[in-house]
Amino acid sequence: MTQRTDTPPAWDERAQLVTFLDYARDTARAKCAGVSAEDACKAPLPSSPLMTLCGLISHLRWVEYYWFHVMFLGEELAGPLTEATDDDPDPEMRTAVDIPLPQLLAEYEEQSARYRRLVSEYDLDSTAKRPISDGRHVDLRWVILHLIEETSRHNGHLDVVRELVDGRTGA
């Protein structure tokens, strides 16, 4: 596992944004370190049956895919998100319990590396090919900030789930 840091190698805007997104990603992975295969699939919150460690990591992976590939680059939707319905809005969380957590973490890390490269190739002012729900086209900066927020929020969920399934806190 990489050493987490929220201190960027330089103080320009891109370095700071990328560092904080990587820090949030690394934190998500750290919260899963050493968990048993059984505990990784447990949903300890009765009102949230999809909230497992596997489900949350899968969700983070597919949320990044959605924002970078579908919204920013304008590519067609693929993967489990194509199965989303009003009754099953998060199929990537439901199906994740059938995938070993180490595989989900490896896929998330591989994808993170691809997105680091993607972010390095575009200006932060580059606009998304697809509009958000209000019709506006956000820029790459907004996408990165949104993913920092999304990943950090789900890190809180990972904290709670991890403590409930095996008592581990911190990371």
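Let's start with one residue of this predicted model: Arg 116 has a relative accessibility of 27%, so Arg 116 counts as partly exposed. Its partner in a salt bridge is Glu 109, and the closest N and O atoms of the pair are 3.7 Å apart. Glu 109 is partly exposed too, at a relative accessible area of 30%. Why might two such residues pair up? Side chains of opposite charge can pair when their charged atoms come close.

This pair also belongs to a wider group. A network of salt bridges links Glu 109 and Arg 116 with Asp 22, Arg 25, Asp 26, Arg 29 and Glu 64. If you look across the whole structure, you will find 18 salt bridges.

Glu 13 and Arg 141 form a salt bridge, with 2.6 Å between the closest N and O atoms. Glu 13 sits in helix α1, which covers residues 13–31, while Arg 141 sits in helix α6, which covers residues 140–166, so this pair ties together parts that are 128 residues apart in sequence. With a relative accessibility of 39%, Glu 13 counts as partly exposed.

Another salt bridge joins the side chains of Asp 159 and Lys 31, at 2.6 Å from N to O. Here Asp 159 belongs to helix α6 and Lys 31 to helix α1, so the pair ties together parts that are 128 residues apart in sequence. Are these two partners buried or exposed? Asp 159 counts as partly exposed at 32% relative accessibility, whereas Lys 31, at 7%, counts as buried, because buried means under 20% relative accessible area.

How values were computed: Residues numbered from 1 in each chain as written. Predicted model: local features only at pLDDT ≥ 70, side-chain atom pairs only at ≥ 80, totals over all residues. Heavy atoms only, no water. Salt bridge = Lys/Arg side-chain N within 4 Å of Asp/Glu carboxyl O. Helix = DSSP H or I, 4+ residues; strand = E, 2+ residues; numbered from the N terminus. Buried < 20%, exposed > 50% of the residue type's maximum accessible area, 1.4 Å probe, protein only.
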